[in-house]
Amino acid sequence: MAAHENSVRLDGQGTWRGIRMMLPLAAFTVAFGLAFGVASVHRGLADWEAMLMSLFVFAAPSQFAALELWPAPVPLLPLAAITLAIHTRHMLMSAALYPWLEPLPRRKQFAMVILLTDSNWAMALGEYHRGERNLGILLGGGIALWSAWVIGTALGLAFGGGITEPERFGLDVIMLCFLLMIVVGSHPRAIMVLPWLAAATSALFAYWWLPPYLHVLVGALTGGLVAVLLPKQWFGADAS
Amino acid sequence: MNPAMVWQSLVAIGTMVFIAYGSRVLGLLVMARVPLGPRVRRFVDAMSSSVLIAVITPMIVHGDGGTRLAALAAGGVAIAWRSPLLAIGLGMGSAALWRWWFG
């Protein structure tokens with residue numbers, strides 16, 4: 001436990017492991033990307049517009065939301081506001097990775113979060129809590145998901161019009177199932193019930209009463225706050 | 001598409017890229033200024049799993065029967081076998097089946 005700070009590393013072997021671990025989900029991500037490609041064709045986006053988004057924005061929710069504002073001229077302020085609201089969770093996610101990334105030089109830290117997205121973050125953090133220190137898991141997972149997303153978008157643009165109702169095949173619950181798997185499969189300590197209950201409740205109220213997409217921020221901060229306010233003995237000796 | 005529209009679209013996509021990457025970096029920048037004591041670690045740890053809880057809860061509460069059944073199936077698999085592939089497969093299958101049956 002004491003020496004884990006200096007065993008943080010990033011190598012090809014870990015990256016390859018991350019890629020392989022993410023492959024099953026990446027297969028589904030191809031389907032997501034396909035759905036985005038199809039949707040953007042229907043929306044009247046040029047192929048290069050959709051492709052640029054998938055290559056560089058690399059975030060399904062904000063790309064789908066942006067489609068609602070297309071085609072050009074796109075209202076920039078609403079676009080920025082929506083994108084910002086959706087991406088507050090990525091701010092929280094990179095913050096949660098900081099203890100792991102801390103030993104790296106600043107430039108590498110910034111490079112490591114380029115391909116950070118929900119699924120590889122969740123997987124990597126789960127592994128981190130089980131003692132994994134190889135950052136390749138995060139990077140490899142990101143590479144697998146990014147490739148799948150870009151390939152899927154290209155397929156959707158090329159063969160647009162095939163899948164019009166992804167929910168008929170249950171494609172919309174993939175993310176939910178995966179995230180549930182991570183939460184439940186992480187063997188949470190019983191004490192976490194309290195922060196999680198607080199997070200779930202506050203997220204729901206925020207979802208009902210606040211502007212769209214802010215519920216994740218509210219829920220996450222509430223959960224963290226409750227954990228800090230509880231007596232630290234309840235968390236046992238190795239609270240980290 | 002005329003050049004003005006191309007530029008407008010490029011600016012829009014650029015805005016998205018800036019915000020999407022900027023928010024990922026911002027989390028690191030904030031944490032770099034906060035000393036990592038045991039309390040901060042506890043906050044960050046609980047916050048990280050709470051992010052997932054906060055994403056999942058409204059999905060389930062506002063989802064249709066198929067979504068809820070999928071959550072139940074995936075949660076069950078996660079507890080019993082810890083296999084992501086099986087959790088996703090069963091979840092998708094049960095959602096599709098529910099919607100085929102009741103949709």
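What distance separates the centres of domain 1 of chain A and domain 2 of chain A, taken over C-alpha atoms? The two centres are 24 Å apart. The model is predicted: local features need pLDDT of at least 70, side-chain atom pairs count only at pLDDT 80 or more, and totals for chains, interfaces and linings use all residues. Residues are numbered from 1 along each chain as its sequence is written, and chains are lettered from A and ligands numbered from 1 in the order in which they are written.

Domain 1 of chain A spans 4-187 and domain 2 spans 188-240; these bounds come from an automatic or database domain assignment. Their contact (C-beta atoms, placed from the backbone, within 7 Å) takes seven residues from domain 1 and eight from domain 2. The domain 1 side has three nonpolar, three polar and one charged residue. Here Ala, Val, Leu, Ile, Met, Phe, Trp, Tyr, Cys and Pro count as nonpolar, Asp, Glu, Lys and Arg as charged, and the others, Gly among them, as polar.

Between chains, the contact takes 76 residues from chain A and 60 residues from chain B. Helix α4 (residues 76-101) of chain A gives the largest share of the chain A side, 18 residues. Helices are DSSP runs (H or I, at least four residues), numbered from the N terminus. By class, the side of chain A that touches chain B comprises 58 nonpolar, 14 polar and four charged residues.

How values were computed:
Contact = placed C-beta atoms within 7 Å. Helix = DSSP H or I, 4+ residues; strand = E, 2+ residues; numbered from the N terminus.
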